[in-house]
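Subject: Structure handover

Hello,

Here is the structure I promised to pass on. My notes follow below it.

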Amino acid sequence: MNNKILLFAILSMTLGGGFCYSQQKRVTYDINQLLKENKMVKAYTRQTVKELTDGNKQGLTLDGILWLKDVNFKTGTIDIDLRGRDVFQESFLGIAFHGVDTTTNDVIYFRPFNFQTTDTLRRKHTVQYISEPDFPWDKLRKEHPLVYENAVNPFPLAEAWFHARIVVNADNIVVYVDHSHQPSLTVKKLNNRQSGLVGLWSSGLPGDFANLVITQ
């Protein structure tokens, strides 16, 4: 009887692990093709979106938010290659998720103009989490200094491509840069939304995006 119970337990763990793994859905998105097929939605009528080819990277240059049409993101991992501009206070880019619309969403974004600064405080203002409209960056910085923003590790060059991995769990968010095993930012979510729109996010000068992969 004990051997049967043990065998059943082993089989349950094996099959259960396989089942959980099969439930993961990893999708690589060709954002250029999605744009051509009208499967990306501009958040603002006057947004600029252009196709980008840079070496082995095929992507988009854009400002504002560009939502993926008919994609409902819950929890999982968002991988993306990004490139901003080395212009002080004018280059911000990242990923918006759990969006309801253009004014209600969560964002993880970067300030590339702070990547190479020698100012140690500015370096800690490099990767940021916000939850609009209730928790914009200035409110979080004032009320919770250096909790919802941090330095990235490693530091990319200000105008170079870098890789971001954003892990969205039910109650927290973890950000990794350039395949580092050490997170650059770990924060608790600031709302109860568990799903919603997901898209490319840029403010100020246009940002570059390529190689989008979403695992749910």
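Strands β5 and β10 run antiparallel and are joined by seven bridges. Strands pair here if DSSP finds at least two bridges between them. Gly76 stands opposite Val168 in β10. β5 also runs antiparallel to β13, with six bridges between them. There, Arg83 stands opposite Asp208 in β13. Strand β5 covers residues 76-83, and eight of its eight residues are buried. Buried means under 20% relative accessible area, exposed means over 50%, and partly exposed lies in between (1.4 Å probe, protein chains only). Helices (H or I, at least four residues) and strands (E, at least two) are DSSP runs, numbered from the N terminus.

Before you go further, two notes on the source. This is a predicted model, where local features need pLDDT of at least 70 and side-chain atom pairs count only at pLDDT 80 or more, while totals for chains, interfaces and linings use all residues. Residues are numbered from 1 along each chain as its sequence is written, and side-chain values use heavy atoms, with hydrogens and water left out.

The whole chain

The chain holds four helices and 13 strands. Of its 216 residues, 47% count as buried. Contact means heavy atoms within 4.5 Å. Among contacts between residues at least 6 apart in sequence, 67% join residues at least 24 apart. The chain exposes about 11700 Å², and carbon and sulfur atoms supply 54% of that area. Accessible areas come from the Shrake-Rupley method with a 1.4 Å probe; for residues, only the protein chains shown count as cover.

Another strand pair

Strand β11 (residues 172-177) pairs with β12 in the antiparallel sense, over four bridges. Val174 stands opposite Thr186 in β12. β12 has two faces: Leu185 and Val187 make up the covered one, Thr186 and Lys188 the uncovered one.

Aromatic rings

How many aromatic pairs does a search of the whole structure find? It finds seven. Rings of Phe, Tyr and Trp (its six-membered ring) pair if their centres lie within 6.5 Å; planes under 30 degrees apart count as stacked, over 60 as edge-to-face and the rest as tilted. One of the pairs is Phe92 with Phe113: the centres are 5.4 Å apart and the planes are at 85 degrees, so this pair is edge-to-face. It links distant parts of the chain, with Phe92 in strand β6 (residues 91-99) and Phe113, 21 residues apart from it, in the loop between β7 (105-110) and α3 (120-123). Phe92 is buried, at 14% relative accessible area. Phe113 is buried too, at 5%.

Phe110 and Phe162 also form an edge-to-face pair, 5.0 Å centre to centre with 70 degrees between the planes. Phe110 lies in strand β7 and Phe162 in strand β10 (residues 162-168), so the pair ties together parts that are 52 residues apart in sequence. Both Phe110 and Phe162 are buried. Ring pairs also link Phe88, Phe92, Tyr109, Phe113 and Trp201 into a cluster.

Two arginines sit over rings. Arg111 lies over the face of Trp137, 5.9 Å from the ring centre. Arg123 lies over the face of Phe155, at 4.0 Å from the ring centre. The test asks for NZ of Lys or CZ of Arg within 6 Å of the ring centre and within 35 degrees of the ring normal.

Asn191

Asn191 lies in the loop between β12 (185-188) and β13 (197-215). Is Asn191 buried or exposed? It counts as buried, at 16% relative accessibility. Its side chain makes a polar contact with the side chain of Asp106, at 2.8 Å. A polar contact is a pair of N or O atoms within 3.5 Å; within protein, one must be able to donate a hydrogen and the other to accept it, and residues adjacent in sequence count only if both atoms are side-chain atoms. Not counting residues up to four places away in sequence, Asn191 touches Asp106, Tyr129 and Ser131.

Backbone points to check

Most residues other than glycine have a negative phi, and most peptide bonds are trans. The peptide bond from Glu132 to Pro133 is cis, with omega near 5 degrees. Pro133 is in the loop between β8 (127-132) and α4 (137-143). The bond from Asn153 to Pro154 is also cis, with omega near 5 degrees. Asn38 has a positive phi, near 60 degrees. Asn38 is exposed, with a relative accessible area of 52%.

Best wishes
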